Amino acid sequence: MLRPPLRLPCPPRRAASTGPGPGRRLLLSTPIFYANGPPHIGHLYSALLADALHRHRGLRGAGPGRLSTGTDEHGLKIQQAAAAAGTSPPELCERVSGLFRQALTRAAVSFTDFVRTSEPRHRRAVCHFWGVLRDGGALYKGRYEGWYCTPEECFLPESQLAERRDAQGRPCKVSLETGHQVHWTKEENYMFRLSAFRGPLRDWLRDNPQAIAPEPFYRRVLRWLEEEDLPDLSVSRERSRLPWGIPVPNDPTQTIYVWVDALVNYLSVVGYPEGHGQWWPAACHVVGKDILKFHAVYWPALLMAAGLAPPERILVHSHWTVRGQKMSKSLGNVVDPAASMEHYTVDGFRYFLLRQGVPERDCDYYEEKVVKLLNAELADALGGLLNRSTAPSINPSNTYPSFSQACFPKLLDHREANGPGRACAEDYELVASVASLPLEVAAYFEGFQIYKALERVALCVRQSNGFFQRHKPWKLDRADPGEQRWLDTILHVTLECLRVYGTLLQPVTPHAAHRLLSRLAVGPEERGLSALTFLPRYHGDPCPFEGRQLGPDTGLLFPRLEMPGRPRVDPRELRSPTNGRCK
Ligand code: ME8
């Protein structure tokens, strides 16, 4: 086996535009999805996490951003899927790629770029990348043999295999992690000198403790680098066995390994090999835990070998199971995102996945849980509060009411709340809680804990409902000027809370947030996160919304849902005690 010396390029430099501060660029990415079958909620979850981060960044005015997604169209897996479907790989990919594009668009994933690995621009980038690896001495040709797992598209070492029996009862080996059968493969391949990168990878991670989040995944990768073998990686297949892929430049007998091909999508999308300097390495990859090694070990090593810096961050999430079981076609429990969005609405389904999905651990999906959560938090608590606080009976002028400092005086110490005003200690707690919400939500988004941000919003919504319920504004006598002032103040505080919730929910429930903010007469230019204030009148500052005419759409913010399979009631007919309008 001839191994030319590896010329490790000089330490990769960061692009000038990627330092901290305003105007900072960021490429957020989802994995590119295998075009061998239709999308399911696992794929959608990856995309929604990336979308919520991208939208949140945009609302913060954080600087130019892109959100890339796409389809992974080469390799044995696709070749076999096409053969099984009685079609050609290009035809299968065309159809399935279309399904992904459609599902992501339907789910309001605001992608700016959609990469297909069968596109010429991508092929050009992969061939160039390969040439740089080869010229730098990172590749060599060798005989490779090992157990290949086609569904995972990788060779697996003995330590990751288990003995089983196949459908005919013959002994076989399977992947310990996924249970898929592996096959002995013996070929002449190009090898990538991965083993040379153990030290550089360790240094990169030690110097960048934020590079992989959540933290348990960071530790897992460090452990791999410290304790496990890191053999060289086979990066091509014999073309006679795998014609569906990009041929190795200058060696038409070999096809480039599908994972090298796929990972380069993150560069081809930003114009590699010409224009990528503007964006790379300001990249943040959202990936499932099953593809962590490819993104946190192979990809940074390949980049270093090509003279480029590793991506800034890799955000990792766990998996969805369905009623405690792995999702699989054979079990017939694959959750179809299109049907779910049809039943629960796009915003409802987005909210559920992002509120209940915890990146650190697997999450279980079942329909009762979706219905219960959405009814409680979106229909009753949030929608109900909007309806009750804007009902014609309580707010006949249909305006953003005014705030009275006499009723709700500013206090330095909440324990003095039984002073001259009408607000009580819990009301001051509400004000403090909502005032700190935008920064807490921003910190949770930054820490890839969107579920915690939503939990915190839901808690505030409950507190606001408590405030409204405690003071029973519908019982106040409008004819008495003092009561009228207090009534208006209660409504003003409630609408201010709702304005903050609507603004903060935009990355997660964009349509419902739009309806909520439009109803509160918040203009499109007033929906950003950087200038979000709460209750300025409490501090003696002017409130631009006070006295404004409210928006005309008085429809329900979010319909109460039935369990799937039960007859669906027209949302306009639904009037629960909290969801219906106040009479
Ligand atoms: O791996 N729960 O594509 P893919 C949550 N083409 N997420 C899930 C999931 C589940 N049950 N099942 C899958 C590939 N995912 C490669 C990626 S990127 C350069 C190449 C997530 O279609 C999974 O974790 O098998 C992965 O992040 C993504 O869907 C793509 O899966």
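How are helix 11 and helix 14 oriented to each other, roughly parallel or roughly perpendicular? The two helices are roughly perpendicular to each other, a class that takes in angles of 65 to 115 degrees, whereas angles under 35 count as roughly parallel, over 145 as roughly antiparallel and the rest as oblique. The model is predicted; local features need pLDDT of at least 70, side-chain atom pairs count only at pLDDT 80 or more, and totals for chains, interfaces and linings use all residues. Residues are numbered from 1 along each chain as its sequence is written, and side-chain values use heavy atoms, with hydrogens and water left out.

The axes of helix 11 and helix 14 (residues 450-471) come within 7 Å and cross at roughly 110°. Axes are lines fitted to C-alpha atoms, for helices over the stretch in contact, and angles run from 0 to 180 degrees between N-to-C directions. Helices (H or I, at least four residues) and strands (E, at least two) are DSSP runs, numbered from the N terminus. Helix 11 brings Y351, L354 and R355 to the contact (heavy atoms within 4.5 Å). Helix 14 answers with I450, Y451, L454, E455 and A458. By class, this contact holds 6 nonpolar, no polar and 2 charged residues. Ala, Val, Leu, Ile, Met, Phe, Trp, Tyr, Cys and Pro count as nonpolar, Asp, Glu, Lys and Arg as charged, and the others, Gly among them, as polar.

Helix 11 (residues 346-356) also meets helix 12 (residues 367-390), where the axes come within 10 Å and cross at roughly 100°. Helix 11 is therefore roughly perpendicular to helix 12. On the helix 11 side the contact involves G348, Y351, F352, R355 and Q356. On the helix 12 side stand K369, V370, L373, L374, E377 and L378. These residues divide into 6 nonpolar, 2 polar and 3 charged.

The ligand is surrounded by 24 residues, each with a heavy atom within 4 Å of the ligand. I32, D72, G288, D290 and W320 are the closest. The shell comprises 12 nonpolar, 10 polar and 2 charged residues. Polar contacts are pairs of N or O atoms within 3.5 Å; within protein, one must be able to donate a hydrogen and the other to accept it, and residues adjacent in sequence count only if both atoms are side-chain atoms. A backbone N or O atom of G42 lies 3.3 Å from a ligand nitrogen. A polar side-chain atom of H43 is 3.3 Å from a ligand oxygen. For H319, a side-chain N or O atom lies 3.4 Å from an oxygen of the ligand. The protein covers 92% of the 660 Å² of accessible area (Shrake-Rupley method, 1.4 Å probe; for residues, only the protein chains shown count as cover) that the ligand has on its own.

Two cis peptide bonds were examined. One runs from Y272 to P273, with omega near 5°. The other joins W280 and P281, with omega about 5°. P273 lies in the loop between helix 8 and strand 15, and P281 is found in the loop between helix 8 and strand 15.
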